[in-house]
Amino acid sequence: MREAGSTVTYLGKVSTTGMQFLSGCTEKPVIELWKKHTLAREDVFPANALLEIRPFQVWLHHLDLKGEATVHMDTFQVARIAYCTADHNVSPNIFAWVYREINDDLSYQMDCHAVECESKLEAKKLAHAMMEAFKKTFHSMKSDGRIHRNSSSEEVSHEFESDDG
């Protein structure tokens with residue numbers, strides 16, 4: 001699988017509630033992040049990150065004001081991504097994903113992360129790349145015996161459906 005990498009503007013993250021991640025579940029968190037983003041920007045907000053989607057991990061490299069990578073990078077395990085979509089009413093250029101963050105006390109919270117892409121097509125490409133990364137990760141985990149469910153990959157793929165319109 002070819003890794004997808006895109007220069008994006010990271011809008012941030014916000015905690016989200018619920019366990020059902022269906023079409024529209026990221027709309028409210030994305031609106032909240034979009035409002036903060038549009039209030040903060042003066043005129044044109046430059047891309048501030050490089051999002052790289054790989055088979056088992058997603059890397060968000062933060063960029064400095066010159067557009068060069070800094071040492072700060074967020075890593076997301078593909079297996080802990082519950083949902084992703086590139087279909088938002090507030091802007092068609094937004095790609096968002098819901099990530100299960102595990103806290104120090106082993107409890108977890110669900111965070112919705114969002115990035116603004118250069119175009120609607122770029123957002124959709126990221127959603128498709130995330131779906132492919134999930135499929136590869138799931139099949140690897142299943143063959144390694146790390147997944148012991150009697151679900152078919154078809155059923156699990158539908159749970160992770162990428163709702164990109």
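Two residues are in contact when heavy atoms of each lie within 4.5 Å. The structure considered here is a predicted model, in which local features need pLDDT of at least 70 and side-chain atom pairs count only at pLDDT 80 or more, while totals for chains, interfaces and linings use all residues. Residues are numbered from 1 along each chain as its sequence is written, and side-chain values use heavy atoms, with hydrogens and water left out.

The protein chain contains three helices and seven strands. Helices (H or I, at least four residues) and strands (E, at least two) are DSSP runs, numbered from the N terminus. Along the sequence, their order is β-α-β-β-β-β-β-β-α-α. Among contacts with a separation of 6 or more, 58% join residues 24 or more positions apart.

The chain has 165 residues, of which 43% count as buried. Buried means under 20% relative accessible area, exposed means over 50%, and partly exposed lies in between (1.4 Å probe, protein chains only). The accessible surface of the chain is about 9,400 Å², and carbon and sulfur atoms account for 51% of this area; such areas come from the Shrake-Rupley method with a 1.4 Å probe, and for residues only the protein chains shown count as cover.

The interior may be considered next. In soluble globular proteins, nonpolar side chains tend to be buried together. A nonpolar core is a set of buried Ala, Val, Leu, Ile, Met, Phe, Trp, Tyr and Cys residues joined through side-chain atoms within 4.5 Å. The largest such core has 25 residues, and Leu-51, Phe-95, Trp-97 and Val-115 touch the most other members. At least two residues of this core come from each of several elements, including strand 1 (4-16), strand 6 (94-102) and helix 2. Helix 2 supplies the largest share, eight residues. A second, separate core has nine residues, among them Leu-11, Val-30, Trp-34 and Ala-96.

Two residues show the surroundings in detail. Beyond its neighbours within four places in sequence, Phe-95 is in contact with residues including Leu-51, Cys-84, Val-115, Leu-126 and Met-130. Thr-137 lies in helix 2, which spans residues 120-143. Thr-137 counts as buried because its relative accessibility is 2%. Leaving out residues up to four places away in sequence, Thr-137 touches Pro-55, Phe-56, Val-78 and Ala-79.

Ile-102, by contrast, lies in strand 6 and counts as partly exposed because its relative accessibility is 35%.
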